[in-house]
Amino acid sequence: MIISLNEALAKIHAGEIVAIPTETVYGLAADAFHPGAVQKIFEAKGRPSDNPLIVHISSEDQLSQLTPSLNDIVHSLAKAFWPGPLTLVMFKKAEVPDIVTAALPTVAVRMPDHPVTLELIRHTGPLTAPSANRSGKPSPTRASHVAEDFGDTVAILDGGECEIGLESTVLDVTSIPLRILRPGSVTAEMIQEITGKEVIRSDRKESYAQRSPGTRYTHYKPKAIVRWTPPPADVSDPNIYYLIHSNQEERASFENVIYFQGDFTEFAKTLYDHFRTADKLGCREILIEQLPPDPTHPVIPALRDRISKAAGDS
Ligand code: TXA
Ligand code: MG
């Protein structure tokens with residue numbers, strides 16, 4: 001059910017949940033300071049209560065409602081990357097409800113880069129929102145994806161297709177070195193350049209599980225089996241969905257064979273939509289051409305992370 005900005009505002013004020021557009025993926029939002037409303041997010045998604053949520057703000061001033069630790073690192077990152085796909089994990093104020101942070105001493109905050117959602121938050125104050133998919137499903141990058149997962153039970157503020165298509169970078173700024181808990185399109189190099197601080201990536205499973213609870217759960221999974229492949233010589237099996245990036249020449253994509261011509265930005269933007277399409281076509285497998293090793297590329301590391309999770313190999 002698509003609703004207007006005013007209707008969304010009324011629902012948030014009434015303690016209801018609303019799906020909102022961002023530049024990364026759609027979020028399922030509630031007033032961050034209304035525990036009863038936040039509870040509805042967990043119920044709708046079927047999300048484990050020990051997986052904390054991100055709080056979305058529309059201006060840096062709102063940070064002071066959430067965290068006591070406003071320092072130069074936070075200010076310089078906010079100035080450089082907000083609004084945008086960078087989430088900062090900071091110590092929380094006692095006023096932030098435990099249900100938002102899964103009772104952790106920290107809160108994750110970002111300012112999304114979408115005019116409609118920024119306008120909404122200007123009126124409501126901070127909104128907490130996970131991705132607006134049922135737990136374990138691919139994140140939604142279009143209003144229609146949210147409707148597929150929730151039918152008419154969730155009201156949607158339609159802001160068009162998400163520009164980036166992969167979730168934000170999650171960065172822990174509570175200690176030095178800074179630590180990336182989830183890669184996104186703001187990369188370690190970009191963060192290092194702005195802060196002058198060392199940035200490390202939480203790669204090992206244990207630290208991942210300890211420091212970013214969400215990364216422990218199954219994520220981003222279509223029904224079809226996801227597998228990496230070398231450039232496939234044969235793409236003729238209609239039961240397989242192929243995602244191929246290495247073709248340089250223009251080639252028409254088919255229903256189940258998608259060519260990206262080296263455009264990794266487009267690949268990231270449409271990945272979750274392709275996962276969903278493969279399932280609608282009833283494909284048994286999704287074969288994805290291995291990505292080039294390019295750790296400093298703005299989307300390749302995040303793309304590799306999400307595909308590897310869907311493939312079950314990390
Ligand atoms: O791009 C995005 O980040 C999207 C849009 C809607 O903003 N949101 C999103 O939310 O991806 P979600 O809930 O699907 O993922 C949030 C991630 C989870 O892995 C969660 O564990 C982690 O952020 N997180 C949240 N609060 C945290 C905290 N205090 N400490 C460590 N990790 C935290
Ligand atoms: Mg999610």
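This is a predicted model: local features need pLDDT of at least 70, side-chain atom pairs count only at pLDDT 80 or more; totals for chains, interfaces and linings use all residues.
Biologist: At what angle do helix H6 and helix H9 pack?
Modeller: H6 covers residues 143-150 and H9 covers residues 264-280. Their axes lie 11 Å apart. The packing angle is about 50°.

Biologist: Which term describes H6 relative to H9?
Modeller: The angle is about 50°. Angles under 35 degrees count as roughly parallel, and roughly perpendicular starts at 65. That angle therefore makes H6, relative to H9, oblique.

Biologist: Is the crossing of H6 and H9 left-handed or right-handed?
Modeller: Take H6 as it passes H9. The crossing is left-handed.

Biologist: How many charged residues are in the contact of H6 with H9?
Modeller: From H6 come His145, Glu148 and Asp149. They meet Asp273, Arg276 and Lys280 in H9. By class, the contact has no nonpolar residues and one polar residue, and the charged count is five.

Biologist: How many residues apart in sequence are the parts tied together by Arg142 and Asp273?
Modeller: Asp273 is buried, at 11% relative accessibility. Asp273 sits in helix H9, while Arg142 sits in a loop. The pair therefore ties together parts whose separation in sequence is 131 residues.

Biologist: How do the axes of H3 and H7 cross, by angle and by term?
Modeller: Helix H3 spans residues 72-81. The axes of H3 and H7 come within 9 Å. They cross at roughly 120°, and the two helices are therefore oblique.

Biologist: How many nonpolar residues are in the contact of H3 with H7?
Modeller: H3 passes H7 in a right-handed crossing. H3 contributes Ile73, Ser76, Leu77, Ala80 and Phe81, and H7 contributes Met190, Ile191, Ile194 and Thr195. Two of the contact residues are polar and none is charged; the nonpolar count is seven.

Biologist: Is Thr187 buried or exposed?
Modeller: Thr187 is in the loop between strand E10 (178-182) and helix H7 (188-195). Leaving out residues up to four places away in sequence, Thr187 touches Ile180, Thr296, His297 and Pro298. Its relative accessibility is 6%, so Thr187 counts as buried.

Biologist: How far apart are the closest N and O atoms of Glu119 and Arg122?
Modeller: Both residues lie in helix H5 (residues 115-124), three residues apart, or about one turn of the helix. Glu119 is partly exposed at 28% relative accessibility, and Arg122 is exposed at 52%. They form a salt bridge, with a closest N and O distance of 3.2 Å.

Biologist: Which residues are linked with Asp305 and Lys309 in a network of salt bridges?
Modeller: The structure holds 17 salt bridges. The bridge of Asp305 with Lys309 belongs to a network.

Definitions and conventions. Residues are numbered from 1 along each chain as its sequence is written. Chains are lettered from A and ligands numbered from 1 in the order in which they are written. Side-chain values use heavy atoms; hydrogens and water are left out. Axes are lines fitted to C-alpha atoms, for helices over the stretch in contact, and angles run from 0 to 180 degrees between N-to-C directions. Helices (H or I, at least four residues) and strands (E, at least two) are DSSP runs, numbered from the N terminus. Angles under 35 degrees count as roughly parallel, over 145 as roughly antiparallel, 65 to 115 as roughly perpendicular and the rest as oblique. A crossing is left-handed if the near helix is turned anticlockwise from the far one by less than a right angle, and right-handed if clockwise. Contact means heavy atoms within 4.5 Å. Ala, Val, Leu, Ile, Met, Phe, Trp, Tyr, Cys and Pro count as nonpolar, Asp, Glu, Lys and Arg as charged, and the others, Gly among them, as polar. Buried means under 20% relative accessible area, exposed over 50%, partly exposed in between (1.4 Å probe, protein chains only). A salt bridge is a side-chain nitrogen of Lys or Arg within 4 Å of a carboxyl oxygen of Asp or Glu.
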